[in-house]
Amino acid sequence: MRRSFSLRMTAFLGFVFLYAPILSLIIFSFNASKLVTVWGGFSTKWYAALLQDQQILDAAWVSLKVALMSATIATVIGTLASYALARFGRFPARMMLSGAVTAPLVMPEVIIGLSLLLLFVALESLVGWPAGRGVDTIVIAHATFGAAYATVVLGSRMGSLDRSIEEAAQDLGARPIRVFFDVTLPALAPALISAWLLVFTISLDDLVVASFVTGPGASTLPMVIFSKVRLGVSPEVNALATLIIVSISAVILVAAWQMQKSEAQSH
Amino acid sequence: MTEATSARALKPWEDPNAKPFLQIRNVTKKFGAFTAVNDVSLDIYQGELFCLLGGSGCGKSTLLRMLAGFEMPTSGQILIDGEDMSGVPPHKRDTNMMFQSYALFPHMSVEKNIAYGLKRDGVPRAEIATRVTEMLSLVQLDGLAARKPHQLSGGQRQRVALARSLIKRPKLLMLDEPLGALDKKLREETQRELIKIQETLGVTFVVVTHDQEEAMTLSSRLGVMTAGQIVQIGTPHDVYEYPNTRFVADFIGSVNIFEGKIAEDADDHVVIHSGDTDSDILVSHGISGVKGQSVAVALRPEKIAIERALPESLANRLAATVDDVSYMGNLSVFHVTLPTGKQVKVSQTNRRRSDDDAIRAGEAVQIGWDGAASVVVTA
């Protein structure tokens, strides 16, 4: 099929619009000049400087830990919640559960952050836990709103699942809990992976909620970047951003490839 | 089990001393205000292949799901081999089910699918391997053990589902529309195979189907269901030749119904006066009815003769005009109209390849049948 010139032009402009900022960021991360807007020749010195910057390395480690833990917790909660919503029929407080699950999706982040902060402070004075704020509280906060995203992703897959395969397993002698692990969970695997990855990236990305619930000594990567940029954009930040983009693209490519494989299997 | 000892030949339902293997007693199932199964009682004997036949929404699948334990009766009792099944969940029943969608586990190989039931029972690995191999050869799937379900054809998937549901040697196997997803040719082959497997293993089968031809071919006996109730139980022959209601006569095969009243009631024959025909209809067997009672005469199209002139010895003869002739290959169906305006379907086997003298549309003909050809139904 021959595509018209105007169609190709539109597509080209669309791609430019989406990718030009990212591309310029990557190019300027290799800029030898300290001035962000002036090209001073090719250099990888900002990558080297990045590896010397203890503050950024610490923050990256904190962000990674938080994202790993909160994605895992959120996926477990999301699986249970979507299973309850899809399978238990009408039960008391069903409305409350489905409301609670979707609320964090529409609530402003500032309010989520503030309400969680107030909860943590109140809990500390009541039961002494969590003692102070730091990585723990960020993990709890991210797992809370991450679970909402996980439930939505898993719920749609759960809804399209053929119930008779669960019944077949039970008919062949598997107790309900066995059915869940043998049949339901494997059938959900692609959705579990995408839910986990979604929460992982949202957690890595989050600035607002983390700023509210964090304490001294626990700064996530977005918080460090944000504070650095306020003092002027440095090429070092460009280098860091480039690394993040490359690693996230790699993860997404792997996930897409996995999804395609399992899609072909369960057509 | 050989042909001579199968339930099909022994007819345990005719023996008053035979003990039913599956007893359904006054079972009712309600979903809210809707009654899906309404006071059904049914006995099924060891080694039978029983078909529950009915249209969609008649309650046949709900009844099957109650046998498997996926639904519990609102009232009534189900006994399998004398054991009350109330409150027994599916995984604790010695019954298995083959699902309409086959419900194969998509992430497991054919072998793992078939072995699943034995694995759950903790059968030793070596025994599982031999039994799976046996089962694979029984359903003619040797060599496909390592395939995943999505690599199989529809017919092969159907066999895997059958093998998986049979491997635990269930006392009772439920099959929900087992051949519904196969094309016509494959379905006919598989029907014969299914009967063979059932008779080889001697397992009692309960099959749910909406396809009356399938029910006729498969079953030792069948039950016709409508609106949550079983309206007739019998062998395919009994149900076809002696339907007990207009519904059954019409549902199984095709039929002409003449509405009328009993004009003469003797022990060996009755005469029915019908507004659908100019002359009264003679039925040469006695019926349980009284003079003046409203009844219907049910007459199968293939039991009616059609000629330009019929011999006078035939008990019932009517003049008719041919509206059209449908050529179906193996038979021709004549749609004729009686002088009263009543339309009648007559079918004839096409014995010859071509017939210049064949009856054509528009011709005046006679149709007729003898007194034993029709059945009188009162309901």
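Helix 3 of chain B packs its buried residues against helices from both chains. In chain A the partners are helix 7 (163-171) and helix 8. In chain B they are helix 4 (125-138) and helix 5 (154-166). The model is predicted.

Helix 3 of chain B spans residues 110-120. Its buried residues are B:Val110, B:Asn113, B:Ile114, B:Ala115, B:Tyr116, B:Gly117 and B:Leu118. Just after this helix, B:Gly122 adopts a positive phi of about 70°.

**Chain B against chain A**

Helix 3 also contributes to the side of chain B that touches chain A, with at least two residues. Helix 2 (60-68) and strand 6 (95-98) of chain B each supply at least two residues there as well. By class, that side of chain B holds 11 nonpolar, seven polar and five charged residues.

Two salt bridges link the chains. A salt bridge joins the side chains of A:Glu167 and B:Arg65, at 2.7 Å from N to O. Polar contacts between chain B and chain A number 10 residue pairs, with both residues at pLDDT 80 or more.

**Domain 1 against domain 2 in chain A**

The domain assignment divides chain A into domain 1 (58-232) and domain 2 (233-267). Their centres, taken over C-alpha atoms, lie 21 Å apart. Across this interface there are zero salt bridges.

Two helices of chain A, helix 8 (176-205) and helix 10 (221-230), each give at least two residues to the side of domain 1 that touches domain 2. Helix 10 gives the most, with four residues. The class count for that side is five nonpolar, two polar and two charged residues.

A:Pro190, A:Leu197 and A:Gly232 supply 35% of the area that domain 1 of chain A buries against domain 2. That share exceeds the share of any other three residues.

**The two interfaces in numbers**

| Interface | Residues in contact | Buried area | Part on carbon and sulfur atoms |
|---|---|---|---|
| Chain B and chain A | 23 residues from chain B, 20 residues from chain A | about 2,000 Å² | 57% |
| Domain 1 and domain 2 of chain A | nine residues from domain 1, 11 residues from domain 2 | about 940 Å² | 80% |

Terms used: Residues numbered from 1 in each chain as written. Chains lettered and ligands numbered in written order. Heavy atoms only, no water. Domains from an automatic or database assignment. Contact = heavy atoms within 4.5 Å. Buried area = accessible area lost by both parts, 1.4 Å probe. Salt bridge = Lys/Arg side-chain N within 4 Å of Asp/Glu carboxyl O. Nonpolar A, V, L, I, M, F, W, Y, C, P; charged D, E, K, R; others polar. Buried < 20%, exposed > 50% of the residue type's maximum accessible area, 1.4 Å probe, protein only. Polar contact = N/O pair within 3.5 Å; in protein donor to acceptor, adjacent residues only side chain to side chain.
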